[in-house]
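This briefing covers selected residues and a surface patch, taken topic by topic. Please read it alongside the sequence and the structure shown next.

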Amino acid sequence: RDALPSCPDLRPYISPLQWGPARKNLLLGLACTATFLTAYTAGAYSPPANIMAHDLGTTRIVVLVGITVFCLGFAIAPMALAPISEIWGRYPVFVVAGIIFVVFQAVCSVMPDVAGMLIARFLVGVGASVFSSVVGGLIADLWDKEERNTPMALFSGCVLAGTGAGPLVATALIDDIADPTIAWKWTFWHQVIMDAILVLAIVLFGSESRASVLLSRKAKVLNAWYEKLERRGVYGLWIAQPSDMVVAASARCSIQTSTADTNPSQPELKDLSGDDDLSSSSRLQRVRWVVRADAERPALPKLISLSVRRPFYLLLTEPVVFWFSLWAAFSWGVLYLSFSVVPFLYKTDLDRSS
């Protein structure tokens, strides 16, 4: 009994709904900053388009296709990649998407031809989409539906603020930097710096918030503890009825798993050898935990296929979804067309010199 392994500490696996306000607000702040920067990226691309076209040996129209491919990446990637956050968790998706976002922002700043620029912009949209679309799920992880109004308002406000701030700052950089080539490159470089700081903050201060993932990890920790106990000769449980379980160790003692939550030092032992009624009507069985979400979840390819098909099914079969999507498409279409068209309304020094 003295050599029995200690009960694991299960406090890291509590439900995110029970986390303290400070921890929730920290994750919300990181998520809203990510949302701000992804929207910022969408708007900061168009102001230097004419200078980029001159340096890349193409036309402004071709350079502005970078907005279109960014939107394509932003639209397509979540349907295939967002389900991964339901299986592997929010945290790794945030980190990987953030790295893709930063790397291809840097690639845009050094790309010598327009074809590479468009490919890089597509991959920036892929990283930005997952980096941003998971935020809604994170908010649902941390707050009950009655408490989500303020977090969702902050999330939506960051989208709008970033969309407006991008063109504003990019235009200021072009006006303030004398060398046009350095000016358009700095519209990417300053984003790389901000995005890298954010990804580093997520790596250091972020944590997993998906409840089913935390529950799966808790089950693995408990199952690993049970295996260690079994190697010490402590295993199984006595079952009188399917619904009545008394955790036991061989024929002489029992381990009460509730102590894993309350006393992380040593398991509590209880002698059952004198309980004739229990031993005569019970059988010995191993203890293992299985999470229902893991047992009932379809295979990853099927989950991704379902995630890709379901939006189109809802779009074509639900009038509310169709009309709301049509309104949203019109609104965002006007916004992104504005990014492309507004630069044509103003003459730059490069236009005048040519």
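Predicted model: local features only at pLDDT ≥ 70, side-chain atom pairs only at ≥ 80, totals over all residues.

A residue counts as buried under 20% relative accessible area, as exposed over 50%, and as partly exposed in between. Val 203, with a relative accessible area of 37%, is therefore partly exposed.

**The nonpolar patch and Val 203**
- A nonpolar surface patch of about 480 Å² is formed by Leu 26, Leu 200, Val 203, Leu 204 and Phe 205.
- Helix H7, which spans residues 180–205, supplies the largest share of this patch, namely 4 residues.
- Val 203, one of the residues that make up the patch, is itself located in helix H7.

**Thr 35 in helix H1**
- Thr 35 belongs to helix H1, which runs over residues 21–44.
- With a relative accessible area of 1%, Thr 35 is buried, because that value falls under 20%.
- Once its neighbours within four places in sequence are left aside, Thr 35 is in contact with Ser 132, Val 135, Phe 155, Cys 158 and Val 159.

**Glu 227 in helix H8**
- Glu 227 is placed in helix H8, which covers residues 211–231.
- The relative accessible area of Glu 227 is 37%, so this residue is partly exposed.
- Glu 227 and Arg 286 are 59 residues apart along the chain, and a distance of 9.6 Å separates their C-alpha atoms.

Technical notes:
Residues numbered from 1 in each chain as written. Heavy atoms only, no water. Helix = DSSP H or I, 4+ residues; strand = E, 2+ residues; numbered from the N terminus. Buried < 20%, exposed > 50% of the residue type's maximum accessible area, 1.4 Å probe, protein only. Contact = heavy atoms within 4.5 Å. Patch = residues over 30% accessible without salt bridge, like charges linked within 9 Å, V, L, I, M, F, W, Y side chains within 5 Å. Areas by Shrake-Rupley, 256 points an atom, 1.4 Å probe, with all protein chains shown as cover. Salt bridge = Lys/Arg side-chain N within 4 Å of Asp/Glu carboxyl O.
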